[in-house]
Amino acid sequence: MSEQLNDPLIIAGKSYNSRLLVGTGKYKDLEETRLAIEASGAEIVTVAVRRTNIGQNPDEPNLLDVISPDRYTILPNTAGCFTAADAVRTCKLARELMDGHDLVKLEVLGDQKTLYPNVVDTLKAAEELVKDGFKVMVYTSDDPIVAKQLEEIGCVAIMPLGSMIGSGLGILNPHNINIIMEEAKVPVLVDAGVGTASDAAVAMEMGCEAVLMNTAIAAARDPILMASAMRKAIEAGREAYLAGRMPRKKYASASSPLDGIIAAK
Amino acid sequence: MQIELNGDQMQVAEGLTLSGLITQMGLTGKRIAIELNLEIIPRSQHETTLLQESDKVEIVHAIGGG
């Protein structure tokens, strides 16, 4: 159906059929990761950049052997960075790792307890990365002013949180997300906070261009089934958005005609 | 000579190149990226980059993450 609609997601000039972006963290093993990503239908997949374990299991399979850059658009993230400098460093390493591929997910975090974005350092890092030629998809708070500033800097997608990373609390401030979408000329994606399929559908029904999630799938009892549920929720939400929902009414409006009712006069 | 690799001190032979270090660590053919004293060293220069005393080397790869 989504092909019939010809309604691609466009990020940094590239078209994608899937509006679900997924992370690769917290899975039991690489096989579960592979199956869940496949079931999600996602085409953009986030990865983290970390120190190689020196001298430990040199034959251990690599994530990118399973999630092949030939098949997926790999989106390296700066998760775990708490300063602009560390985030920029991580992106440069990622670009080298991905043979010059320069699409990155920038996140600079404020503290361990909330993993809330440090927007001051996020703005600083975004500026430096855009100057250096990176295409920056940026994780941020649901503050419309900061979102606007990130767009002005040149970020290719603005990704406000629905709620805290890994919390599964859903979209706590849809009004702010709406304001961000109204103002933005680049795609707005909800990143973080989705707990289950209905949360993803809500984001899409609101008109978000896409949703990025990790824990909602990886921490489900059956991650592969949840990945499939998310795929459907994203598609359903997008179609509902495009279809345009009925107006809300204060009172009932009968679905069946009132004429011809069998009733005693 | 002594270098720092991924935060750990280690002894390596004088005149070791980055390629040599990669081989020694069993990382040949792996998808990795290297930073030497905070500068990215492109893959094409691993062969010709000589390590010096007290160099700080970071070798990274991609792992699962959101």
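Predicted model: local features only at pLDDT ≥ 70, side-chain atom pairs only at ≥ 80, totals over all residues.
Residues are numbered from 1 along each chain as its sequence is written, chains are lettered from A and ligands numbered from 1 in the order in which they are written, and side-chain values use heavy atoms, with hydrogens and water left out.

**Helix α10 of chain A and its two partners**

- Helix α8 (residues 197-206) of chain A packs on helix α10 (residues 223-243) of chain A at an angle of about 25 degrees, with the axes 7 Å apart; axes are lines fitted to C-alpha atoms, for helices over the stretch in contact, and angles run from 0 to 180 degrees between N-to-C directions.
- The contact (heavy atoms within 4.5 Å) involves residues of α8(A) including Ala197(A), Ala200(A) and Met204(A), and residues of α10(A) including Ala233(A), Gly237(A) and Tyr241(A).
- By class, this contact of α8(A) with α10(A) has 11 nonpolar, one polar and two charged residues, where Ala, Val, Leu, Ile, Met, Phe, Trp, Tyr, Cys and Pro count as nonpolar, Asp, Glu, Lys and Arg as charged, and the others, Gly among them, as polar.
- α8(A) passes α10(A) in a right-handed crossing, a crossing being right-handed if the near helix is turned clockwise from the far one by less than a right angle, and left-handed if anticlockwise.
- Helix α2 (residues 30-40) of chain A also packs on α10(A), at an angle of about 20 degrees and with the axes 7 Å apart, and α2(A) passes α10(A) in a right-handed crossing.
- In that contact, residues of α2(A), among them Glu32(A), Leu35(A) and Ser40(A), meet residues of α10(A), among them Pro223(A), Ile224(A) and Arg231(A).
- The contact of α2(A) with α10(A) has six nonpolar, two polar and three charged residues.

**Helices α5 and α6 of chain A**

- Helix α5 (residues 119-131) and helix α6 (residues 144-153) of chain A pack at an angle of about 15 degrees, with their axes 9 Å apart, which makes α5(A) roughly parallel to α6(A).
- Their crossing is right-handed, and the residues that meet include Val119(A), Leu123(A) and Glu127(A) of α5(A) and Gln149(A) and Ile153(A) of α6(A).
- The residues of this contact divide into seven nonpolar, two polar and one charged.

**Strand pairing around β5 of chain B**

- Strand β4 (residues 44-51) of chain A runs antiparallel to strand β5 (residues 56-64) of chain B and is joined to it by five bridges; two strands pair if DSSP finds at least two bridges between them, and strands (E, at least two residues) and helices (H or I, at least four) are DSSP runs, numbered from the N terminus.
- Ala48(A) stands opposite Ile63(B) in β5(B).
- Strand β1 (residues 2-5) of chain B runs parallel to β5(B), with two bridges, and Glu4(B) has Lys56(B) as its bridge partner in β5(B).
- Strand β3 (residues 33-36) of chain B runs antiparallel to β5(B), with four bridges, and Leu36(B) stands opposite Val57(B).

**Salt bridges**

- Over all chains there are 18 salt bridges, each being a side-chain nitrogen of Lys or Arg within 4 Å of a carboxyl oxygen of Asp or Glu.
- Arg19(A) and Asp7(A) form a salt bridge through their side chains, at 3.1 Å from N to O.

Terms used
Parallel < 35°, antiparallel > 145°, perpendicular 65-115°, else oblique.
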